[in-house]
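Subject: Structure for you to look at

Hello,

Please find the structure below.

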Amino acid sequence: MPFTDRRDAGRRLGARLVRWRGSDVVVLGLPRGGVPVAAEVARALGAPLDVLLVRKLGLPFQPELALGAIGEGGLRLVNPVLLGRFGISEAELAAVEAAERSELDRRAARFRSGRTRTPLAGRTAIVVDDGVATGSTARVAVSAARAAGAAWVVVAVPVGARQAVEALREDADDVVCLECPAAFTAVGQWYEDFTQTPDEEVARLLAGETGEPDPVTGDEELTVFVGAVPLGGRLTVPERAAGIVVFAHGSGSGRYSPRARTAAERLHRAGIATLLVDLLTPSEESDRARVFAVELLASRLVEVTRWVRARTGLPVGYFGTGTGAAAALLAATDYRVEVAAVVARGGRPDLAAKRLGWVRTPTMLIAGAFDTGVLELHRKARAQLRGEAHLAVVPGATHLFEEPGALEEAATLATDWFRRHLTPVTVDGG
């Protein structure tokens, strides 16, 4: 993956476009994902930033496949070959267009907040998106820029399908694309972080608030894409966080679990960030085979770890529960990630038995004294671990730690473990 996120892509794209610095240029981002890229390009060129509002006309039963696109000022581009191939009627196309026109109008009102469009007459327009797959949206954008009077139109993207990029050269005066991989399937595969850009960020950037927000403070609901799979999460990062703990949930649990929130809040008070992420989509959670597919959960946890490490720059720990405990232990052995500490509270560490002997990450196993079956599983797992390991037993606790004070005790044990292994050690006296 060549780009960390859209801002990284924009900085690198801006460096390629420096020959336009000092000329009469307007940078036009294609909402929403193209705007963070365009903001960095505009900053690099010292040029004004605006949006060029166009909307893809998607196939009714497969919206990601573009039949064409529309733009401001009544512009419309449709691929007649695809219309014929899929048997799309004029009525079906009109229904899609009506919906997209409505969204286009909504975005114009939302993003510009009453501001007028930046004049393009006689100027160079650099149209920026986060990538090009089919090129239909970018083609409409070129037409829209020309209709607004632009004297020269450039399309600039970090990554694109080679055929689409070449086709764009017939429409634009120049096309700049940093990466044209032969094996191209989707724009998102070339970003470590391809989280959807919210309307609020687009409006903020267009209002001139182009300074990069602090990536390691705040509290937000987000989506982490693992390939094409969207995983819901909640990222909370206190000021001056020492590290971040990714929660790997098991069956019957998720980022809204009260037990997870109790542990997360204790970590926040200790200055440790958390990412509570659902490793299964809502449609997958009812599939028991998926719930116990710990290799699948572990592979997704690895990709989430790479994303959060790039996003925050913080050392990472895992907090695993249920089948997520096994997933955390498996993921900790993956060469692509560096994990500073693991805590498994209850759960099924035995499901990772074939690789427990590979775990070198400092690991704490927490079990309830009265949860005899799970306690025995943890004892056996502890014997197989080869790195630093500790088995903590919470007195009087059963499987869900529902007894008064039990959950808080488990959270304290986990917090102390993470503070020990995520917080840099300071040595006095040089």
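Where is the place of valine 176? Valine 176 belongs to strand β8, which covers residues 174–179. Please keep in mind that this is a predicted model.

Valine 176 has a relative accessible area of 5%, and a residue counts as buried under 20%, so valine 176 is buried. Leaving aside residues up to four places away in sequence, valine 176 touches Leu13, Arg16, Leu17 and Arg19, as well as Val154, Val155, Ala156 and Val157. Arginine 300 lies 124 residues from valine 176 in sequence, and their C-alpha atoms are 33 Å apart in space.

Next comes helix α4, residues 90–112. With 23 residues at 1.5 Å a residue, α4 should span 33 Å. The C-alpha atoms at its ends are 32 Å apart, which agrees with that expectation. The buried residues of α4 are Leu93, Val96, Glu97, Glu100, Glu103, Leu104, Arg107, Ala108, Phe111 and Arg112. As background, an α-helix has 3.6 residues a turn, so residues three or four places apart point the same way.

How do α4 and helix α7 (residues 199–206) cross? Their axes come within 8 Å and cross at roughly 50°, which makes α4 oblique to α7. On the α4 side, Arg106, Arg110 and Phe111 make the contact; they meet Asp199, Glu200, Val202, Ala203 and Leu206 in α7. Sorted by class, this contact has four nonpolar residues, four charged residues and no polar ones.

Regards

Key:
Residues are numbered from 1 along each chain as its sequence is written. This is a predicted model: local features need pLDDT of at least 70, side-chain atom pairs count only at pLDDT 80 or more; totals for chains, interfaces and linings use all residues. Side-chain values use heavy atoms; hydrogens and water are left out. Helices (H or I, at least four residues) and strands (E, at least two) are DSSP runs, numbered from the N terminus. The expected span of a helix is 1.5 Å times one less than its number of residues. Buried means under 20% relative accessible area, exposed over 50%, partly exposed in between (1.4 Å probe, protein chains only). Axes are lines fitted to C-alpha atoms, for helices over the stretch in contact, and angles run from 0 to 180 degrees between N-to-C directions. Angles under 35 degrees count as roughly parallel, over 145 as roughly antiparallel, 65 to 115 as roughly perpendicular and the rest as oblique. Contact means heavy atoms within 4.5 Å. Ala, Val, Leu, Ile, Met, Phe, Trp, Tyr, Cys and Pro count as nonpolar, Asp, Glu, Lys and Arg as charged, and the others, Gly among them, as polar.
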